[in-house]
Amino acid sequence: MIRLLLGLALIATTPARAQEDVTQFGNGAEAMLIRSTTDIAIIQPVLERFATLNPNLLITYEQWGSNALFQHSKSACKTGEAPADAVFSSAIQQMVWLVNSACGYRYSSLETQALPPARRWRDELWGITTEPAVIVYNKDGLTNEDVPRDRFALLDAMRTRPDLLRGRVATYDIAASGLGYLFAYGDSLEATTFGSLIEGFARIDAVATCCSAHIIDEVAKGRFLIAYNVLGSYVANANLPGVGVILPEDYTLVLSRAYMIPRQAQNKQAAILLLDFLLSPEAQELLAASGLVTRLDESETGLTPSARRFIPLSPALLVALDQNRRAGLFKLWNDAFNIETAR
Amino acid sequence: MARLHLPHSLTARVLSAVILILVLGGLLVALSIWVNGRLAAREAYDRLLLGAASDIAESVRIQDGAPVVDLPVSAFQLLAQAPDDRIYYAVQVPGGPFITGLDRETMILPPDSIGAGPRYFAADLNDEPARFVRVTRLFAERDFSGEVEVLVGQTLQARQSMTASLMRDALLPMAVAGILLLIMSWIVTRSALRPLEALSDDLTGRDPYDLTPMPSDGLPRELQVMLGAMNRFMGRLDRQVDTMRNLIADTAHQLRTPVAAIRVQAEIAQDDPDAPARKRALDRLLGRTRSLGTLLDQLLSRAMVIHRIDSAPRLPVDLREVALEILEERDHELIAPGIEVRLEIGEDPVLVQGDAFSISEAAKNLLRNALRHGQPPVIIGAERANNRAILWVRDCGSGPDANIAKQLGDRFNRTAGTGEDSTGLGLSIVKSTAEAFDGKVEMTADTTGFRAALNFPAAPEGGRA
């Protein structure tokens, strides 16, 4: 019976072409479909615990690229076909767009009410993680003095030592990664340093490429000396001794992965259970162990409260998705970078 | 006739009226607050909408012959003042290309409008009611000229919650005030009605035969009026009961002797074989019967007078007419045939407020006494002197002894001089009548004769109906 259902669940999910990976947790009778941008390896402990707590569930977890997930959720919302039961993505501007287009299901509980306003919108979208955008560097390639503690140091380094850094500074390709775009957009709002950064990147032929894991890997190997605006959680999870992490001291963007329950979700009850579980202290501990929740206390990170720039879940993020704005940012970006990603 | 069913208790009536007023007033005020709150919320958030739309319109520029929007974050931060509301925006050339917007597939059509000013309208945004503003900007560049239209919309949650909070803020104190008013009106009603309760307690606890006046000290004016009326009524009842009691006692007392005498005379007449003795007895029997008749007349007359004193309305009475009527009835010719009775009245009316019948009965008694005890000629007259109206009877005798005069007016005052025909009731009627209309009985004797008079306060001239 279980096998049959499992087979059915697989059939039901196979038409979703664009997912990168699929895993299942639990072996209950009740199907639940989660779509997320989070790497399975990182989220696995939390979902395993959730499956243990809810043995009646058969959880199918699909890992997607953020833009593909957005397009798919959008069409699922409009046509009502193949909706997920829960969607959570690091490209929170896309999630805000979905909720703004009435694709979300409204829910409120003590756990969700305890979230700060910046991590909750309309009771339809919730921020479940705390992840800073960091600069990572190769410990062997850079001496301690050369390590840029903030953007100004990075700018100086790019200006004073272009030969060392040429072709060895990387960041996300914003066209391929919704998260990379979000960070670039966040930086673009800090107008003063953003212009100089782009200029600096252009001067040293910086590389824009895809995917956190890939970037971090290349930093560990020493191909890249510095990677800018990498999601801290992936670095912590990779656990590579040769890779150093810096929370930029001028300001550090902090992202909270957004969780929503699609309006057409088949199993809203399971999605609600998962949401309340993810916000519970136990799950937050597990997420912290996976690096998805970073403690940002001043004593640990040296980051002043004013330097922590939470990206709030708010309709203002819709600006990030505006096509004219995107076009402008892309143009700036493409002029500055060597694009590695296949388009 | 459908009659409104009112609760029986005054407190309940007052309270239900107060509640009705409060509820109606509350509803009216709540309605007006709601309307005002809605208006205020709409204006406040319409300004945000317009601000955002103008911001976006400002950011439109022409680049390579096409309009381009450099979407300002500030516009969206403005809209995020309504933190939980969904947003819509679109920038387009009317009827032409879509420049940018939230979603190319979600089209909101503005109503047709003339004029360049901002235009607000309502429409549904993804099945939720929302309010929109349309702002246009005109370009006249070398490579682009025409109109660019900016549409910005927002769902209504923040407006509704602002309206609700405005209403809550205004209604809460109102509700508290309403409750306070209710409590206060309950207390006030209770304290206002407390004398009434005391009164009804007093009445409930009262002996049904107790007709003494109820104390009215410290009572509100409205109740004093009622209580005064009630006390007057009880007083009258008391006097009437007294009168009845007296009448019955008097009648019993007075009738016993004559009836016994009549029986004795009748037995004598029956038993006595001697014809002349029987005739004498029959004569006495006749005399006794006649005086019994007079007695009954007087008893009835007195009862009548006393009854009327309490119950008959007081009307202006001309004492001259009273005197004239007494004379014209010619009763005196029956009582004392041959005695001359003269009338002495003036030109002007002599008016008093009183009851003509009672005064007339009193005057008749005075006349009867004069005829019976005085010396002819007897004169009856009415005059007005110093705001007093006087009806008098005068004879030429010396009047009663001072001792007897002192006791005049007591009931059944029968002394040695009292004849068989006299009942002793006459002057009692006179005295009662005089006192009933605030007057007095005057008896004056001088060398020319004796005068008995009823002296009343005069009624104002022209008071005659």
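Mentor: Start with the largest nonpolar core: of its 137 residues, Ile92(A), Val96(A), Val169(A), Leu318(A), Ile56(B) and Val152(B) touch the most other members. Helix α1 of chain B, residues 10–58, gives the largest share of this core, 7 residues. This is a predicted model, in which local features need pLDDT of at least 70, side-chain atom pairs count only at pLDDT 80 or more, and totals for chains, interfaces and linings use all residues. Residues are numbered from 1 along each chain as its sequence is written, while chains are lettered from A and ligands numbered from 1 in the order in which they are written.

Trainee: What makes a set of residues a nonpolar core?

Mentor: The members must be buried Ala, Val, Leu, Ile, Met, Phe, Trp, Tyr or Cys residues, joined through C-beta atoms within 7 Å. Buried means 20 or more other C-beta atoms within 10 Å of a residue's own, exposed means 12 or fewer, partly exposed is in between, and the C-beta atoms are placed from the backbone. Another core of 39 residues lies apart from the largest one, with Val317(B), Val322(B), Leu367(B) and Ala459(B) among its members.

Trainee: Which residues does Leu318(A) touch, not counting those up to four places away in sequence?

Mentor: On chain A they are Val96(A), Trp97(A) and Asn100(A), and on chain B they are Phe76(B), Ile87(B) and Leu102(B). "Touch" is a contact here (C-beta atoms, placed from the backbone, within 7 Å).

Trainee: How many residues does each chain bring to the contact?

Mentor: Chain A brings 16 residues and chain B brings 19. On the chain A side, α15 (318–321) and α16 (323–336) are the elements that give two or more residues, and α16(A) has the largest share with 4 residues. That side divides into 7 nonpolar, 6 polar and 3 charged residues. For those classes, Ala, Val, Leu, Ile, Met, Phe, Trp, Tyr, Cys and Pro count as nonpolar, Asp, Glu, Lys and Arg as charged, and the others, Gly among them, as polar.

Trainee: Why are β1 and β5 of chain A said to stand at the edges?

Mentor: Look at the strand order in the open sheet of 7 strands: β1-β3-β2-β4-β13-β6-β5 (chain A), with mixed pairing. β1 (21–25) and β5 (120–121) each have a single partner strand, so one side of each is left without a neighbour in the sheet. Pairing takes at least two bridges found by DSSP between two strands. β1(A) and β3(A) (57–63) are joined by 5 bridges and run antiparallel, so they pass that cut-off. Within that pair, Thr23(A) stands opposite Tyr61(A).

Trainee: How do you know that β11 of chain B pairs with β9 and β12 of chain B?

Mentor: β9(B) (341–345) and β11(B) (378–385) share 5 bridges and run parallel, while β11(B) and β12(B) (388–395) share 7 and run antiparallel. Arg342(B) stands opposite Ile379(B), and Gly381(B) has Trp392(B) as its bridge partner. As for the names, strands are DSSP runs of E with at least two residues, helices are runs of H or I with at least four, and both are numbered from the N terminus.

Trainee: Why is Asn126(B) called partly exposed?

Mentor: Asn126(B) has 15 other C-beta atoms within 10 Å, so the count falls in between the buried and exposed cut-offs. Asn126(B) sits in the loop between β5 (119–125) and β6 (128–140) of chain B, with a positive phi near 50 degrees.

Trainee: And what makes Asp438(B) exposed?

Mentor: Asp438(B) has 11 other C-beta atoms within 10 Å, so it falls under the "12 or fewer" rule. Its phi is also positive, about 60 degrees, although Asp438(B) is not a glycine. Most residues other than glycine have a negative phi.

Technical notes:
Contact = placed C-beta atoms within 7 Å.
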